[in-house]
Amino acid sequence: MFERFTKDARSVVDGAVGHAEESRAGQVRPEHLLLALFDRAGGRAAFALSALGLPERREEVRWTLVEARRRAGLTQVEATALAGLGIDVSEVVARVEEVHGVGAMSGGRGAGGWRPGRRLSFSRGAKSVLERSLREALARHDRHIGDDHLLLALTVLPGVAAEALAEHGVTYEAVVRVLYGGGAKAG
């Protein structure tokens with residue numbers, strides 16, 4: 001599948017690996033792909049993000065991702081659902097961090113975490129983003145997978161990255177409208 005990736009899309013994947021290493025994550029996750037999209041300039045995804053006003057809110061999105069990582073990758077919707085069951089995720093995080101240190105629930109530390117020289121794998125979620133980007137390209141009859149297809153995949157698949165984007169008005173429909181001038185449904 002990677003042979004179908006454009007130079008921009010490959011750069012995003014490489015950047016995601018870099019973000020995962022920098023954060024000492026055990027795997028490359030969808031959030032790393034999103035952060036790598038922010039780093040790109042000039043691609044179709046950068047155009048869409050800019051048109052939707054996201055560059056000005058980049059740090060807010062980054063903070064949302066950091067907070068989700070502290071919650072062991074739980075989305076705000078999942079944390080709210082747990083609160084409905086009487087589980088205060090913030091309190092759980094505080095107690096774990098009190099005993100094990102800040103960021104203890106974020107993964108990536110310890111035996112399964114990142115170590116210099118270790119090749120990182122892609123999480124199930126990140127693999128789903130890559131697979132979905134292929135489906136997005138095929139649905140649009142595109143011969144290659146671009147960074148725009150990665151952005152579309154991130155907006156349509158459930159998780160922290162999609163939640164952070166949607167919080168700032170970057171939805172599948174909004175990206176389709178900006179890039180393709182239509183309101184196509186996720187396929």
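**Core packing and salt bridges**

Leu 33 is in contact with Val 12, Val 13, Ala 16, Ala 126, Val 129 and Leu 154, leaving aside residues up to four places away in sequence. The model is a predicted one. Leu 33 is also among the residues with the most contacts inside the largest nonpolar core, which has 43 residues.

**Nonpolar core**

- In soluble globular proteins, nonpolar side chains tend to be buried together.
- Besides Leu 33, the residues with the most contacts inside the largest core are Leu 34, Leu 151, Leu 154 and Leu 165.
- Two or more core residues come from each of these elements: α1 (7-22), α2 (30-39), α3 (44-51), α4 (58-70), α7 (124-139), α8 (147-156), α9 (160-167) and α10 (172-180).
- The element that gives the most to this core is α2, with six residues.
- Leu 154, one of the residues with the most contacts in the core, is itself touched by Leu 33.

- Side chains of opposite charge can pair when their charged atoms come close.
- Arg 40 and Asp 8 form a salt bridge through their side chains, with an N to O distance of 2.3 Å.
- This pair links distant parts of the chain, 32 residues apart: Asp 8 belongs to helix α1, and Arg 40 sits in the loop between α2 and α3.
- Arg 40 has 23% relative accessibility and therefore counts as partly exposed.
- Asp 8, at 24% relative accessibility, is likewise classed as partly exposed.
- A salt bridge also joins Asp 148 to Arg 44, and their closest N and O atoms are 3.0 Å apart.
- Because Asp 148 lies in helix α8 and Arg 44 in helix α3, this pair ties together parts that are 104 residues apart in sequence.
- Is Asp 148 buried or exposed? Asp 148 is buried, because its relative accessible area is 4%, and the cut-off for buried is under 20%.

**Other salt bridges**

- The side chains of Glu 31 and Arg 29 meet at 3.3 Å, N to O, in a salt bridge.
- Both partners, Glu 31 and Arg 29, are buried.
- A network of salt bridges links Arg 132, Glu 136 and Arg 140.

Conventions:
Residues numbered from 1 in each chain as written. Predicted model: local features only at pLDDT ≥ 70, side-chain atom pairs only at ≥ 80, totals over all residues. Heavy atoms only, no water. Core = buried A, V, L, I, M, F, W, Y, C linked by side-chain atoms within 4.5 Å. Buried < 20%, exposed > 50% of the residue type's maximum accessible area, 1.4 Å probe, protein only. Helix = DSSP H or I, 4+ residues; strand = E, 2+ residues; numbered from the N terminus. Contact = heavy atoms within 4.5 Å. Salt bridge = Lys/Arg side-chain N within 4 Å of Asp/Glu carboxyl O.
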